[in-house]
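Please keep the sequence and the model at hand while reading.

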Amino acid sequence: NEKVHDKIYGAKSYNRLANMEERISHARIASLSHHRRGNFQKAAELVLGYIVSSAPSLGGAEEYPKLPPVLSLCVLEALLALENYVPKNSNTESRKSPPEEDGRGWFQKHIVHMFRAGSCAEDDGSTVRTLLKALAHPVHVAASIWRERSLCSDDRVRDAAVVELAAYHRVRRLDGTWLLHPTFEWMDVERIANVGLDILASVTSNSYLSDNGNNAEITLDWTNKKRAVAGIACVVTLLTLGDVDQIIRLCDETLRHALFLLPAYCSAYASVMHRKWESTKLLGSGGAGGRHTAAAFTVEDRFCIIDSIMQNIDLEDWSGIDVVIQCCVLMGDGHRLQQLANKVLPHLSQLLVASAPENGNHSSTNNMTMNRRRKQLLSRTMGSLIDAGEIPTVRVINLRRRPDRLLDFMGCAAHKEQLIVVKGPAKLRTRNSLLSGDVRKNDMEGCGDGCPDDDGDFAFDGRCSREELETQVLEHLNGKKGTLANFVKAKWRPSDLKAFDRDARDDFELVPTSMTEKACSLSHIASWMGVESTLSPIGPINRGECE
């Protein structure tokens, strides 16, 4: 092996290595802050979260080895190392050499502590071993990619890869045995896929997910831990495989015996699709800053399983409702979340009335049991909806002919910022209908599970004639009477914008409003009408009761 510290790097390599050193420093600070407090569980969660969030994604989602993996083995080493750890390279190291004493196995020990069911007879340790195998899988895959990049003739690519590989050999000896086997030397594409499929098969099998205990409390705790392990293993393995078809197949199987895994599949699907889009932009002919509108039209949303679940959902099935809420939050899907709320909230109101003591339904034992069950349903479902409602919701105004902008926004809003997103422009309503006082009541009639006023749509497109824009207005009026003149004036005064735009013109003369300005104004007006409609009560209000 080549001694990394004896090499003379070029200027660009030094810049890359300096950036790597900064990431390592941040990882050390974050990890040691937990170690010094004695909170090793938080430190273990930090390592686990880093592996899951940065796992390489094969299957065409990201172009390896042309692009480097996000998972840095140097950063992983910094997260796993204890305070007095000193990195040591060894040219004569063996793959079977025992782990070093510095920081020996603390991560592995605390993973066992977090996910083992105490003295439960059902726990033979296989669950924790499966989780550690799932976490080791992306690490070995990342090492194999770094190894390929270390063979590149370009020293700007090779230098960083050599440093990462040196960290890989150190980290395998650093923390227990969970990273010792297998290694990247034997991991070709087929074997990588087989390892991942084996992990998925083990955590999604009926034997793994079945509950066979006699002690109800131990069994419930053990079942929850097994489900947590299954979810983490599925997310990290599906991310590493990067196979969207595999995710869709697992979603179909989930409906039959393991609905609780659907959020894990949803998270993996969203991450893989986001990575594919970012890879498409990076490797496209236009470069990272170019337009990729044509490519965006080929991106298809295949995660339609939520729609089928919502159509047949049992309003008494709190766990199923909670699963759908989790999926909507993970996808940033405000439209489906609004539809679900419109379905669930009226039913919860009925449960509140039925369980009220003044109704006299609490005298019998059966009714008391029923009321407890309904209160539990109400508490859990309402808690999930409240948690989702506390997430910031944004309305996005986007043209139908620019799906690339929508994909960019969703990637940032849902994947990075964890926002709930709905399409901005909603149904238009004229001033007369707004002043009539019964708009919401009329809108709700015939809406069924979701009101079209809340659904949102694409922005008004100003690249058209006045007649075509009038047609767009009629479509957004949903059968009601109105024209473009009801919403946007034919002329406006540029100086009126001086209070908001210092570059606005100074003249006080009226100028004609262009088609693009009218379309832009309509989009914002319709979006604010959508906000008003969404925040309004779902049903008619008894104003006397409110007072």
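In this predicted model, Q418 is exposed, with a relative accessible area of 60%; because exposed here requires a relative area over 50%, the residue meets that criterion. Q418 is placed in the loop that connects α17 (403-416) with β2 (420-423). Its backbone also deserves attention: phi is positive, about 55°, although Q418 is not a glycine.

The peptide bond that joins Y64 and P65 is cis, with omega at about 0°.

Helix α14 covers residues 318-331, 14 residues in total. From its first C-alpha to its last, α14 reaches 20 Å, close to the 20 Å expected at 1.5 Å a residue. Its buried residues are G320, I321, V323, V324, I325, C327, C328 and M331. After the helix comes G332, which has a positive phi near 65°.

The interior may be considered next. In soluble globular proteins, nonpolar side chains tend to be buried together. The largest nonpolar core of this model comprises 96 residues, and those with the most contacts inside it are L73, L76, L80, F107, W178 and F303. Helix α5 (residues 126-150) gives the most to this core, contributing 10 residues. Apart from this core lies another, of 14 residues, which includes L469, L484, A519 and A526.

F303 also illustrates contacts between residues separated in sequence. Leaving aside residues up to four places away, F303 touches C251, L262, Y265, C266, Y269, M331 and R336.

How values were computed. Residues numbered from 1 in each chain as written. Predicted model: local features only at pLDDT ≥ 70, side-chain atom pairs only at ≥ 80, totals over all residues. Heavy atoms only, no water. Helix = DSSP H or I, 4+ residues; strand = E, 2+ residues; numbered from the N terminus. Expected span 1.5 Å × (residues − 1). Buried < 20%, exposed > 50% of the residue type's maximum accessible area, 1.4 Å probe, protein only. Core = buried A, V, L, I, M, F, W, Y, C linked by side-chain atoms within 4.5 Å. Contact = heavy atoms within 4.5 Å.
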